[in-house]
Structure formats: structure tokens, C-alpha cells
Amino acid sequence: MQKSLRDRPVSAVTSIRRRTSIAGVRVGVVLGLLGIAVTGCSQPAPEPTATPSQTPTATETAPAAPVLLPEGTATDNLPFFDAVNAATLAANPAAGGQAIVDGLVAAGFPKAEMEVSSDTTSIGEPADSIQFAIRWQGQCILGQNGPATGYHSSVVSQLDTGRCLIGVTRAIDW
């Protein structure tokens, strides 16, 4: 026959209670963790919230295309210079100096104020890039294009010689 807890010595009862208590805590922790895991798995995923798309209003307009500003500075006209050259190069990515100059003249830039480098090197090979410029109110609108460099432009001061490009340039006689 088993002794009841009352009949056992105090140290034995404390030991049994401690083991029972520890076992109960362990069981409680395990059940708690299982409850969290089950609860976490059983909850539906949150519904994605739709964000309204912004539609343009009637007052929004596209930026105006750049235009030649005859009274403007070289910097004022750089965006138009770039737009004209972009159109020329879009039509013919391998456009040479004559095509670039013709595009700029057709857009209203004065041919007499232009300079352009040669399309070929001194030994007759295609140039890695060509340079072209327009003298404009004491400044130069410079452009450069070629397979080695891509297209670049800038505005700089004229040289002391009154020119924009250094070295030998091609005659614009067409």
C-alpha cells in the first residue's frame, strides 16, 4: 500500500511537489508553444490593401519642348541644341559632321557661327568621335558624338582666338 503525502517525510513531499511542479511547468510551456504555433498558422494572412493609383488631372501638362531662343544665352539654348542633335542621331546613329550641322541649321542655328571636326582621322580612318560647336554671344555650345564617347554637350567660353574648337576643323562649305 502506498503512503499518502501526509504520511511521508517532509523532504520527500517537497521533492514530489517540486518534480510535479517542474513537470507541470514543462507541460504548460509545451502546450503554450503549441498553442502559439497553431494560432499563428491558423490565422488568415492579412488582405493586401489596394492603393489608389494617381491619375493625371486635366491641369497637368507635359513639359514644353525646348525651342531656339535667339535672344537667349548659350546656356538657355543648350536644351534645344541637345534636342536637335538627339533627333538627328535617332534618325541616323552614325551621323557625321555634315548631318549634325545640317540638322542644327534646319532648326535655326546660324551656319556661319558653326565649327565641326573631321569625320576621319589623319590616316583616313573613321574618327572615334566628332566635335561640333556654335559660337553664341561670346560663348560656345559644344557637342561631341561618336561610338567611343556617346553624345555629350556643354557650354564654355570662347577661346581667345574667337573660336570654339582647338586644332584643324572642317570647312563648312556645303
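**Strand pairing**

I began with β2 and β3, which pair in the antiparallel sense over seven bridges. Before going on, I noted that this is a predicted model, where local features need pLDDT of at least 70, side-chain atom pairs count only at pLDDT 80 or more, and totals for chains, interfaces and linings use all residues. Residues are numbered from 1 along each chain as its sequence is written, and side-chain values use heavy atoms, with hydrogens and water left out.

For my own reference, strands are DSSP runs (E, at least two residues), numbered from the N terminus, and two of them pair if DSSP finds at least two bridges between them.

How many of the seven residues of strand β2 are buried? I got six, so β2 (residues 130-136) is largely enclosed by the rest of the structure. Buried here means under 20% relative accessible area (1.4 Å probe, protein chains only).

**The disulfide**

Next I searched the whole structure for disulfides (cysteine sulfur atoms within 2.5 Å) and found one. It joins Cys140 to Cys164, S to S 2.1 Å. The pair links distant parts of the chain, 24 residues apart: Cys140 sits in strand β3 (residues 139-145), and Cys164 in the segment after β4 (152-157).

Which hand does the disulfide have? The torsion about the S-S bond of Cys140 and Cys164 is about -85 degrees, so I wrote down left-handed.

**Glu115**

My last stop was Glu115, placed in strand β1 (residues 114-116). Is Glu115 buried or exposed? Buried, because its relative accessibility is 5%.

I then asked what lies 2.9 Å from a polar atom of the Glu115 side chain. The partner is the backbone nitrogen of Cys164, which takes me back to the cysteine joined to Cys140.

Finally I listed contacts (heavy atoms within 4.5 Å). Leaving aside neighbours within four places in sequence, Glu115 touches Gln131, Phe132, Ala133, Arg135, Arg163, Cys164, Leu165, Thr169 and Ile172.

How values were computed
Helix = DSSP H or I, 4+ residues; strand = E, 2+ residues; numbered from the N terminus. Buried < 20%, exposed > 50% of the residue type's maximum accessible area, 1.4 Å probe, protein only. Polar contact = N/O pair within 3.5 Å; in protein donor to acceptor, adjacent residues only side chain to side chain.
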